2 protein chains.
Amino acid sequence: MWQCQEVTSTSIAGAVRQGSLRELNLAVVLRRIAAADRPPSRAGIAADTGLTRATVSAVVDDLIAGRLVAEAEPEPRTGAGRPARGLVLASDGPAGLGLEVNVDYLAACVVDLTGAVRHHLVRRADLRPVSPADALARLAALAAEARAAAVRDGLTLAGAALAVPGLVGDGGLVRLAPNLGWRDVDVPALLAGHPLAEPVDGVPPLVVDNEANLAALGELYAGPAGPRSFLHVTGEIGIGAGIVLDGSLYRGARGWSGEIGHFPVQPQGRPCRCGGQGCLERYAGQEAILAAAGLPGAELPADTAAARLADLAGAGDAATLTALTDAGAALGIAVAGVVNLLDLDTVVLGGGYARLAPWLRPPVEAEVSQRVLTAAWAPVTVRPAVLGAQSAAVGGAGSVVRRIVDRPVGWLARAA
Amino acid sequence: MWQCQEVTSTSIAGAVRQGSLRELNLAVVLRRIAAADRPPSRAGIAADTGLTRATVSAVVDDLIAGRLVAEAEPEPRTGAGRPARGLVLASDGPAGLGLEVNVDYLAACVVDLTGAVRHHLVRRADLRPVSPADALARLAALAAEARAAAVRDGLTLAGAALAVPGLVGDGGLVRLAPNLGWRDVDVPALLAGHPLAEPVDGVPPLVVDNEANLAALGELYAGPAGPRSFLHVTGEIGIGAGIVLDGSLYRGARGWSGEIGHFPVQPQGRPCRCGGQGCLERYAGQEAILAAAGLPGAELPADTAAARLADLAGAGDAATLTALTDAGAALGIAVAGVVNLLDLDTVVLGGGYARLAPWLRPPVEAEVSQRVLTAAWAPVTVRPAVLGAQSAAVGGAGSVVRRIVDRPVGWLARAA
DNA sequence: CGCGATTTGTTCAGCGGTTGAATTAAATGG
DNA sequence: CCATTTAATTCAACCGCTGAACAAATCGCG
């Protein structure tokens with residue numbers, strides 16, 4: 001007994017024309033190679049997918065010609081027969097550029113097709129007093145540096161993604177980034193003239209997205225392949241969440257999903273700047289934690305705050321430990337509500353929370369196990385982000401190369 | 001609900017074979033016909049999809065031969081040229097059977113391909129004292145009755161979906177339906193021998209799903225076509241939610257999404273049977289509303305309770321009005337949290353709430369507009385379910401025919 | 001009423017891409 | 001060294017889309 005409720009996303013999109021066949025199979029084979037944990041052979045892919053070996057060979061030829069796939073060393077033998085030639089994603093083909101503007105740093109990183117972070121540049125600076133135009137100019141300089149490094153490696157940048165801590169609208173317009181002090185900042189316009197903003201074949205090379213979204217994607221790509229569902233909570237001054245459902249990021253009806261910072265953890269509690277009361281942000285946001293720990297946190301940049309709290313907690317400071325436990329409990333209430341609603345099996349603590357996970361995790365887990373209905377027979381994992389606090393830039397770069405893996409024909413057409 | 005690996009793998013890893021081309025285009029054309037508001041012509045479909053008129057004609061021939069599509073009367077012409085022959089979904093082909101077991105009634109309905117409810121049978125009875133085996137036997141009798149009525153109409157039942165108010169696990173196992181008093185009820189086993197449980201071509205004719213999920217699907221199918229995202233809240237003794245994201249139901253990592261009843265609206269509030277505190281159910285569940293209204297509601301069946309409350313509220317009973325306002329406020333807190341998280345533009349009040357919507361809506365909207373960050377520039381609609389309280393059975397039947405529209409090859413292969 | 005214009009739907013040769021079997025390649029084992 | 005086994009390629013066949021030509025049906029205009 002089984003059921004198939006949903007539709008394949010490919011067929012929703014539109015008609016399947018003659019040429020779509022090869023287009024789709026290029027993606028199928030490339031995804032297979034990307035998802036495999038060991039370099040698969042053509043024959044293995046054929047057996048797995050149901051395609052014939054002839055077709056797989058033809059498709060792989062195209063992929064190799066387009067520098068998306070390379071042949072690896074033959075695997076250690078297992079039995080008789082001609083040895084398979086392993087296929088791996090090319091590490092000298094297209095790469096993605098990930099950028100991030102945050103309160104206290106700029107970052108740029110280069111990720112190749114295999115998902116390896118080839119370069120990672122960070123410039124620490126307090127960007128709150130800096131104008132958006134100025135901040136973006138500095139970012140462009142950093143991006144140029146990263147691009148040069150990529151080119152030296154023989155890589156071709158296929159696009160870039162910029163993470164910002166705020167709400168992003170259509171066309172790369174940053175509607176509101178409260179902690180940066182940005183409002184209605186038109187990123188492409190401010191970058192005009194820079195290569196980042198010059199369309200290639202009509203495809204804009206830069207996409208702007210919410211930091212929490214890209215960080216969640218980073219965790220998705222860093223983990224095992226396959227559809228997974230999890231919540232990635234980014235704890236900074238505000239609290240954002242990236243929601244990955246069945247292996248893809250859920251952005252919401254208008255692209256503004258993930259506003260977990262205003263989850264009501266204490267409905268008649270402290271008033272919040274959003275107009276509501278008792279929002280999570282007022283209990284587990286950075287300012288709230290610093291205040292509870294007795295730290296004059298007003299001037300601490302975001303990342304430093306987490307480091308400072310971690311140091312104090314590690315040293316056994318009672319006020320800090322209490323503050324973190326309370327924050328974790330508030331976070332746990334919100335997380336439990338989300339898990340009940342979405343039936344997730346994993347919650348990732350990212351951003352500043354990644355560093356504070358040792359102290360936040362127990363209270364979060366306590367609330368979850370108490371409040372989540374199905375927790376008894378379906379455990380929920382709470383863990384820190386594997387990419388740590390800087391996963392947004394990596395995730396952004398990953399999203400660029402992921403797009404190529406998902407639709408290689410776009411890259412092949414450009415390369416030809 | 002259990003996982004559907006077949007479909008996710010079709011879009012993620014499924015190879016596109018030679019025959020898949022026709023398979024996919026059958027679905028594309030059929031969906032186009034289903035989604036159109038006026039009977040489209042072959043030429044129109046070709047223009048819309050990008051397929052050739054020749055291809056569309058060939059595909060349509062297959063669909064007509066399989067009794068999925070019929071030719072309608074030519075539309076009144078407006079210009080020159082040969083008049084188009086309009087295509088509509090067949091109303092005498094396959095149909096879906098929707099079943100529901102609830103606390104105080106059994107229901108069965110037949111929905112044809114066009115989405116029309118052709119038959120709808122309801123048997124009111126308090127099923128709490130009845131054993132699961134007995135209840136399912138009565139349901140099977142009702143199903144047989146509905147099937148006979150469908151056959152008299154020349155319809156062929158292509159499958160059935162059963163809605164239950166509880167958590168459903170793999171293989172149609174009802175793990176827990178608290179208000180029915182069911183625990184680990186193996187529905188297919190108890191229906192053994194009945195035609196409902198006999199597989200046809202290896203496809204089980206019956207799927208079991210959560211009531212709230214199917215009700216949400218009913219609302220999805222009843223509304224305009226196209227991807228939409230909304231939350232469908234079913235208010236009974238417990239409170240469930242069906243989550244539709246981008247036009248498809250989200251079931252969660254294990255199929256247990258939608259447990260909004262235990263959303264913490266008052267974290268230090270009333271203890272709940274789930275072990276948590278201050279859960280929504282304790283403030284906006286039927287029992288809580290009845291108690292607040294001063295009604296000895298213990299013996300009232302679910303549907304009657306909503307009717308009773310609506311009558312009292314309509315008559316201006318002060319205690320009832322206060323109870324509904326308070327319940328609406330609690331519900332609004334939860335809904336606001338969900339909308340913040342998922343960025344939904346619509347919230348549907350279903351189940352018992354559908355009838356109480358006139359009184360629940362204002363407080364819900366008040367909380368939403370106060371607590372939802374983006375409410376200012378992106379309004380959230382709160383409205384009652386168009387299908388009313390019985391949308392689960394209709395939604396279940398709709399899901400059966402929808403599956404055929406989404407993958408017509410399955411039906412065509414069986415019909416041939 | 002007749003004829004061209006116009007749009008719909010069908011027919012048919014052509015072709016891209018998959019298919020399946022045969023063939024070649026490369027290694028193991030007796 | 002040769003049979004066996006597995007991997008990858010080659011090639012004729014075939015399926016289903018494509019594009020253009022053709023037939024069908026109606027309107028507009030004289």
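Biologist: In which loop of chain A is the place of G238(A)?
Modeller: This is a predicted model. In it, G238(A) is in contact with P165(A), P178(A), N179(A), G261(A), E281(A) and G285(A), leaving aside neighbours within four places in sequence. Its place in chain A is the loop between β11 (230-235) and β12.

Biologist: Does G238(A) count as buried or exposed?
Modeller: A residue is buried if 20 or more other C-beta atoms lie within 10 Å of its own. G238(A) has 24 C-beta neighbours inside 10 Å, so it counts as buried.

Biologist: How many Å apart in space are G238(A) and A225(A), C-alpha to C-alpha?
Modeller: In sequence these two residues of chain A are 13 residues apart. In space, C-alpha to C-alpha, the separation of G238(A) and A225(A) is 30 Å.

Biologist: Which residues have the most contacts inside the largest nonpolar core?
Modeller: The largest nonpolar core has 274 residues. L280(A) touches I239(A), I260(A), G261(A), H262(A), F263(A), V265(A), A330(A), L331(A) and A334(A), not counting residues up to four places away in sequence. Those with the most contacts inside the core are L99(A), L280(A), L99(B) and L280(B).

Biologist: Is L97(B) buried or exposed?
Modeller: L97(B) lies in strand β3 (residues 94-101) of chain B. Not counting residues up to four places away in sequence, L97(B) touches A108(B), V110(B), A143(B), A146(B), R147(B), L157(B), A160(B), A397(B) and V400(B). Because L97(B) has 28 C-beta neighbours inside 10 Å, it counts as buried.

Biologist: What separation do the C-alpha atoms of L97(B) and G258(B) have?
Modeller: Along the chain, L97(B) and G258(B) are 161 residues apart. Their C-alpha atoms are separated by 24 Å.

Biologist: What relation do chain A and chain B have?
Modeller: A rotation of 179° with 0.1 Å of shift along its axis superposes chain A on chain B, with an RMSD of 0.2 Å. That is the relation of a two-fold axis. The same surface serves both copies, as 87% of the contact residues of chain A recur in chain B. The relation asked for is therefore that of a two-fold axis.

Biologist: Which elements give two or more residues to the side of chain A that touches chain B?
Modeller: In the contact, 61 residues of chain A meet 66 residues of chain B. The elements of chain A that give two or more residues to this side are α1 (9-13), α2, β12 (239-245), α11 (318-342) and α12 (352-371).

Biologist: How many residues of that side of chain A are charged?
Modeller: The side of chain A that touches chain B has 29 nonpolar and 22 polar residues. Its charged residues number ten.

Biologist: What distance in Å lies between the end C-alpha atoms of α2(B)?
Modeller: At 1.5 Å a residue, the 18 residues of α2(B) should span 26 Å. Buried residues in α2(B) include S20(B), E23(B) and L24(B).

Biologist: Which element gives the most to the surface near DNA strand D?
Modeller: Four elements each supply at least two residues of this surface: α3 (42-49) and α4 (53-65) of chain A, together with α2 (18-35) and α4 (53-65) of chain B. By class, the surface has ten nonpolar, eleven polar and eight charged residues. With five residues, the element that gives the most is α2(B).

Biologist: Which residues come nearest to DNA strand C?
Modeller: The surface near DNA strand C divides into ten nonpolar, twelve polar and eight charged residues. α2 and α4 of chain A, with α3 (42-49) and α4 of chain B, each supply at least two of its residues. Of the 30 residues around DNA strand C, those that come nearest are A54(A), R17(B), S57(B), G81(B) and R82(B).

Biologist: What value is phi of R67(A) near?
Modeller: R67(A) is found in the loop between α4 and β1 (69-71) of chain A. With 17 other C-beta atoms within 10 Å, R67(A) is partly exposed. Its phi is positive in a residue other than glycine, near 60°.

Notes. Residues are numbered from 1 along each chain as its sequence is written. Chains are lettered from A and ligands numbered from 1 in the order in which they are written. This is a predicted model: local features need pLDDT of at least 70, side-chain atom pairs count only at pLDDT 80 or more; totals for chains, interfaces and linings use all residues. Copies are superposed by least squares on the C-alpha atoms of residues with pLDDT of at least 70 in both. Two residues are in contact if their C-beta atoms, placed from the backbone, lie within 7 Å. A nonpolar core is a set of buried Ala, Val, Leu, Ile, Met, Phe, Trp, Tyr and Cys residues joined through C-beta atoms within 7 Å. A residue is buried if 20 or more other C-beta atoms lie within 10 Å of its own, exposed if 12 or fewer, and partly exposed in between; C-beta atoms are placed from the backbone. Ala, Val, Leu, Ile, Met, Phe, Trp, Tyr, Cys and Pro count as nonpolar, Asp, Glu, Lys and Arg as charged, and the others, Gly among them, as polar. A residue is near a molecule or strand if its C-beta atom, placed from the backbone, lies within 6 Å of it. The expected span of a helix is 1.5 Å times one less than its number of residues.
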